[in-house]
Structure formats: structure tokens, C-alpha cells
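I opened this entry to keep track of what I looked up. The notes follow in the order I made them.

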Amino acid sequence: MAHPLNFEDPSILRVLVGLAVALVIVQPRISRWIAKRREADGVEGTDHHSITPLLLIFTFLIGIYGGCFTAAQGVLMMAVMGVMLPEPLQRLNGTRNVLSALVNVVAGTVFALIAPINWPVVALLAVGSNLGGQLGAQVGLKLKPAALRGVIVMVGVGAMVQLVTK
């Protein structure tokens with residue numbers, strides 16, 4: 001009997017990516033609501049109390065997903081962190097870059113230990129990932145939050161289109 005959560009099924013990926021895109025779109029409203037709740041509860045500013053067990057669980061699950069598939073992993077991370085952390089979008093983007101790199105290093109190590117490796121492809125991916133990460137970080141820091149959010153939504157919609165046309 002097949003496992004009920006078959007992550008190779010494009011329909012599950014469509015739902016995950018669609019949910020992430022929706023969260024990125026509504027994140028400013030949710031963040032304002034959370035800030036008002038925090039203020040009403042007497043919690044001010046950004047502190048270590050922002051990192052909740054739920055955030056850690058979601059981040060861990062996205063990391064597992066990203067280690068296997070990577071499709072829209074960044075959009076999922078930005079959606080979860082944007083909703084759950086009171087940080088500027090540019091800072092969250094930097095955090096996402098670091099978390100994505102960690103996921104890729106762990107996944108790459110595991111795959112290197114259990115699967116045959118095509119080293120020229122690995123080299124190309126490593127160079128491309130590093131260049132893309134550097135360029136993306138520089139561009140992300142220069143963009144206004146609304147523009148960065150627009151880019152994230154466009155990437156998510158692009159991933160959805162790719163998944164729908166598969």
C-alpha cells in the first residue's frame with residue numbers, strides 16, 4: 001500500500017506551493033495582526049521568544065521536503081518565517097539563504113553517501129548555487145520589501161505553473 005503522503009505526486013506539491021504563495025501574499029496582514037497581539041500581550045520588539053516550537057517544526061519539515069525536492073523550498077520558508085517572525089523581509093531572505101544552504105549541504109552529503117555521484121554535475125550545481133545565492137542576496141537587499149515579496153510570489157507562481165503543466 002502506498003504511503004498517503006506521496007511527495008512525488010505533483011498535486012501535493014501544487015498544494016504546498018499554492019499555500020506558500022498565499023501565505024507570502026497575506027503575510028503583511030498577518031504580521032500586523034500578530035504585532036497587535038504581541039503588543040496587547042505586552043511583548044515588544046524582536047527577541048528570542050519569536051522562535052517558537054511551531055516555527056522550528058515547520059522549518060524542520062520544510063528542510064526535509066527541500067532536501068528531497070527543493071521545488072519552491074524558498075517560497076515555503078519565506079511564507080512560514082514571514083508569518084511567524086517579526087523581522088524585515090530582507091533579513092528573512094538572508095536567513096532563508098543560510099537555511100537553504102544548510103539543507104543542501106546535508107542532503108548532498110546524504111546522497112553522496114548512498115548514491116552514485118556525477119562530479120561534473122555536482123561542480124556545476126555548486127558553482128551555480130553559490131553565484132545565484134550571492135547575486136540573489138545582493139539583489140534582495142536592494143529591493144524594497146514589496147518588490148521582494150513580488151519576486152517571491154512570481155517564483156512561487158512559476159513553480160505552480162511548472163507543476164500544473166507536468
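I took axes as lines fitted to C-alpha atoms, for helices over the stretch in contact, with angles from 0 to 180 degrees between N-to-C directions. Helices are DSSP runs (H or I, at least four residues), numbered from the N terminus. The model is predicted, with pLDDT of at least 70 needed for local features and 80 or more for side-chain atom pairs, while totals for chains, interfaces and linings use all residues. Residues are numbered from 1 along each chain as its sequence is written, and side-chain values use heavy atoms, without hydrogens and water.

Helix pair. I looked up helix 4 (residues 89-114) and helix 6 (residues 145-164), whose axes come within 9 Å and cross at roughly 40°. Leu-89, Gln-90 and Asn-93 of helix 4 meet Pro-145, Leu-148 and Arg-149 of helix 6, contact being heavy atoms within 4.5 Å.

Helix 6 again. I found Gln-162 in helix 6. Gln-162 counts as exposed because its relative accessibility is 53% (exposed is over 50%, buried under 20%, partly exposed in between, with a 1.4 Å probe and protein chains only). Its C-alpha is 9.4 Å from that of Arg-14, 148 residues apart along the chain.

Helix 2. I noted 16 residues in helix 2 (residues 53-68). From first C-alpha to last it reaches 23 Å, close to the 22 Å expected at 1.5 Å a residue (1.5 Å times one less than the number of residues). Its buried residues are Leu-55, Ile-62, Gly-63, Tyr-65, Gly-66 and Gly-67. Thr-70 follows helix 2 and has a positive phi, near 60°.

Note on methods:
Helix = DSSP H or I, 4+ residues; strand = E, 2+ residues; numbered from the N terminus.
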